[in-house]
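Hi,

Here is the structure I promised to pass on to you. My notes on what turned up in it follow below.

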Amino acid sequence: MQIKEQLKQLKPYQPGKPIEEVKKEFNLDQVVKLASNENPFGCSEAAKEALQTEVQQMALYPDGYSAALRTKLAGHLGVSETNIILGNGTDEVIQILSRSLLDAGTNTVMANPTFSQYKHNAVIEGAQVREVGLVEDGCHDLDAMLEAIDDKTKIVWVCSPNNPTGTYEPEQKLIGFLEKVPEHVLVVVDEAYYEYVTAEDYPETIPLLKRFPNLMILRTFSKAYGLAALRVGYGIASEELVRSIEPARQPFNTNRLGQAAALAALGDQAFIEECVRKNREGLKQYYDFCNGHGLDYYPSQTNFVLIDLKRDADELFQALLEKGYITRSGNALGFPGHLRVSVGTKEQNEGFLKTLAGILL
Ligand SMILES: *Cc1c(COP(=O)(O)O)cnc(C)c1O
């Protein structure tokens, strides 16, 4: 057997540790997971109700076109149904794009550090990966990314807000970038945290699709909508672009439960608004703590915050784990000495920060 050469340099994705595993390992009753930017308030009650009904239909394949969800989503976004590609999480849309555009002899441009899946999929396809370091404030160096583009470049990835920094690309900067990217290059703007953003100069990218046919926007039901387990994400782009990559999509990629829950969740925007409000309050708990302890952090437009703790992040991660808090060590995310912490409920944040203070002393 001969596995593709490039797979040898890759490791399977290292997810945040599961709660049950940590409970057992350290003999803890209470474990709080602040590692994967999940919604600490769960999901809309309407989504849970929709699941109760849908669970009666498990023997039947889902609608491969996700017609009902697609219609609802198109209405919500103000686009046509044909502007949407649904995926088994945004992760799958990233995979579909990579399969569709990248192979040996091509290259792809992205920030570093950024979301790991752009590089991972590009490596599997055998494409050259051109990583451009973030600038000091945690934002993309869009000018340097432009310079990295050549006639072999197929995809440029812009993660805004960026994971793991939580920082975003302001409207004028992004538009200026889109104006300069050559037409043969697809620009993917990953907006997994879109719903959480409150910055006034964060761009509304959907209206830009008319001007830039080489733009695709990615969003997900995994973060603010609280449906990470059900794996529903999507891309929004020109009808032509969507149609051209559809053959690389698995026929039944989004499942029945995911479609039903996502549809119902879209109808409950009050839940999203409430979560966003509580998230801002939660972020403030972290900022106050950092300011009080003289710690640097990246101002976040998401439900996580990257804190510079100026010490071995793996050791700190381990110490927190033993006390029942699962976080992400910056060492694995390209930020040594930092910790990425998801914003939890008010009580979870209080408990975490108290524990962190105890360890830092
Ligand atoms: C969480 C996340 C995703 C993946 O979301 P899924 O829809 O659950 O696959 C994509 N991009 C970024 C930046 C993320 O943080």
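How many residues surround the ligand, and which are the closest? There are 13 of them, and the closest are Thr90, Asp190, Thr220, Ser222 and Lys223; a residue is taken as near the ligand if one of its heavy atoms lies within 4 Å of it.

Before the rest, a word on conventions. This is a predicted model, in which local features need pLDDT of at least 70 and side-chain atom pairs count only at pLDDT 80 or more, while totals for chains, interfaces and linings use all residues. Residues are numbered from 1 along each chain as its sequence is written, and side-chain values use heavy atoms, with hydrogens and water left out.

For asparagine 163, the distance from a side-chain N or O atom to a ligand oxygen is 2.9 Å.

Next, the domains. An automatic or database domain assignment gives domain 1 (5-30 + 270-360) and domain 2 (45-267). Their C-alpha centres lie 25 Å apart. In terms of contact (heavy atoms within 4.5 Å), 24 residues of domain 1 meet 28 residues of domain 2. About 2,100 Å² is buried between the two domains, with carbon and sulfur atoms giving 66%; this is the accessible area (1.4 Å probe) that two parts lose on being put together, summed over both.

On the side of domain 1 that touches domain 2, helix 10 (269-293) and strand 10 (304-308) each supply at least two residues. Helices (H or I, at least four residues) and strands (E, at least two) are DSSP runs, numbered from the N terminus.

Finally, some backbone details for you to look at. Most residues other than glycine have a negative phi, and most peptide bonds are trans. The peptide bond from asparagine 112 to proline 113 is cis, with omega near 0°, and proline 113 sits in the loop between strand 3 (107-112) and helix 5 (117-124). Serine 160 to proline 161 is likewise a cis peptide bond, with omega near 0°; proline 161 belongs to the loop between strand 5 (153-159) and helix 7 (171-180). Asparagine 27 has a positive phi, near 55°, in the loop between helix 1 (19-26) and strand 1 (32-33).

Best wishes

Note on methods
Polar contact = N/O pair within 3.5 Å; in protein donor to acceptor, adjacent residues only side chain to side chain.
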